[in-house]
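Biologist: Can you walk me through this model? I'm new to it.

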Amino acid sequence: MEINKKYHLRKTCRICGKENLAKVLDLGEMPPANSFIKKEDLDLPEDKFPLVVYFCRDCSLLQVLDIVNPNILFQDYDYLTSASKPLAFHFVEMAHLLKKQFIVSEDELMIEIGGNDGTLLEAAKNECRVLNIDPAANIAKISKEKGIPTINEFFTEEIAKDVLAKFGSAKVIVANNVMAHIDDLHDVFRGIKLLIGKSGTFVFEVHWVGNLVTEGGFDQIYHEHLCYHSLLALQNLVSQFSLQIFDIETVPIHGESMRVFVGDKDMFPVTERVKAFTEREKKLGLDHEETFFEFANRVEGNKKELVSLLSQIKKDGKRICGYGAPAKGNTLLNYFGIGSDVLDFLTDTTPMKQGLFSPGMHIPVLTPDVLEKDPPNYILLLAWNYAEAILKK
Ligand code: JHZ
Ligand code: ZN
């Protein structure tokens, strides 16, 4: 992409390269979901870009073809893994599992792509060599301060070549909540293939399109999320690199996410779980466009229901606020047209978001203690994926 271009529209499927695409859902023009605004900038014009979801009839990938320059989206990033305690806990647990399953000696290398503030690698760094590769300058700095070797770049085949020369090959590469964000998946997989060679493993977690369809979590759709993956679509991708998915499980993160294990096609026996999951996806119709048209219809139904509920509460003279200012909340608020006339404020535990205003709707983000100081009558839970932990609080 040209460095100065803010936006471009892709024409082909990013897994199979074909143009056999069905338009499923058009969310109109949206601001990038993590572009929180400073008070003094509220009157400046805000960038908004089209957001349309397509289904590929050839390889089944659900995807957004509207590409906002990744430098705009990720170089200065407001999302901090450690600000969501359940997520941080989940990654520490995952680090222990990966060490147990794949790391044999201290010399071995664990790389994390998009390792954010280093929450996962910090839990691995005493037992192997670690390397974080993350494009966000402000976040990479935090990772470095924790003593984690960190390269502040987007992961590409070029970077992989450099890493191979300087650090050697990787025993494990991890990429959590990253595979949805990548436009040139082919470039990234060439880099991964280079670094894991015959005996390494690539493990990643990514939200599962089956959850989006069955639970209606359409708010996961925003410009950062270019892909809504299924095992069916991913198999098509990895096989182009002589790799295979040899194991899969699901984890209760962002609804239900897939944890996918990828290795050389001849090196790892494929578990029964892979076959069972493929069957599950076929039963859900994740390889048929109709499934996604039905999903889009349900989004419209939900919009009417929620908007009328909130306006009834307002008519009754009550105060409402939003809990959490997640990226996904901004899709919901902007697409459903829920503004500061409905929600007095949002609260969020991320220091970087506090004091800012939500993109598009300009709702102030406050620290959670306001809920005790000045309690509203109702709270709309925007960070629904952490409902259990939040309801306990
Ligand atoms: P959370 C992010 O999306 C962005 P978001 C990213 N692009 C991505 O791909 C997905 O994750 C997977 C706050 N919070 O994790 C913290 C509280 O206030 O659902 C966060 O701002 N109180 C990388 O932003 C937000 O809610 C709490 O008790 O949709 C949650 O954001 C807890 C638990 C969280 O991801
Ligand atoms: Zn395709």
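This is a predicted model: local features need pLDDT of at least 70, side-chain atom pairs count only at pLDDT 80 or more; totals for chains, interfaces and linings use all residues.

Modeller: Let's start at the ligand: an oxygen atom of ligand 1 sits 2.6 Å from an N or O atom in the side chain of Lys393, a polar contact (a pair of N or O atoms within 3.5 Å). Taken alone, ligand 1 exposes 730 Å², and the protein buries 97% of that (Shrake-Rupley areas, 1.4 Å probe).

Biologist: What's the backbone of Thr349 doing with ligand 1?

Modeller: One of its N or O atoms lies 2.9 Å from an oxygen atom of the ligand. A nitrogen atom of ligand 1 is also 3.2 Å from an N or O atom in the Tyr323 side chain.

Biologist: How many residues surround ligand 1?

Modeller: 23, with Glu224, His225, Lys328, Asp348 and Lys393 the closest; here a residue counts if one of its heavy atoms lies within 4 Å. The shell divides into 10 nonpolar, 8 polar and 5 charged residues.

Biologist: New topic: is helix 11 buried or exposed?

Modeller: Buried: 10 of the 10 residues in 327-336 are, so helix 11 is largely enclosed by the rest of the structure. Buried means under 20% relative accessible area (1.4 Å probe, protein chains only), and helices are DSSP runs of H or I, at least four residues.

Biologist: What covers helix 11?

Modeller: The cover includes strand 2 (21-30), helix 10 (289-315), strand 15 (343-347) and strand 17 (378-381); strands are E runs of at least two residues.

Notes
Residues are numbered from 1 along each chain as its sequence is written. Chains are lettered from A and ligands numbered from 1 in the order in which they are written. Side-chain values use heavy atoms; hydrogens and water are left out. Buried means under 20% relative accessible area, exposed over 50%, partly exposed in between (1.4 Å probe, protein chains only). Contact means heavy atoms within 4.5 Å. A polar contact is a pair of N or O atoms within 3.5 Å; within protein, one must be able to donate a hydrogen and the other to accept it, and residues adjacent in sequence count only if both atoms are side-chain atoms. Ala, Val, Leu, Ile, Met, Phe, Trp, Tyr, Cys and Pro count as nonpolar, Asp, Glu, Lys and Arg as charged, and the others, Gly among them, as polar.
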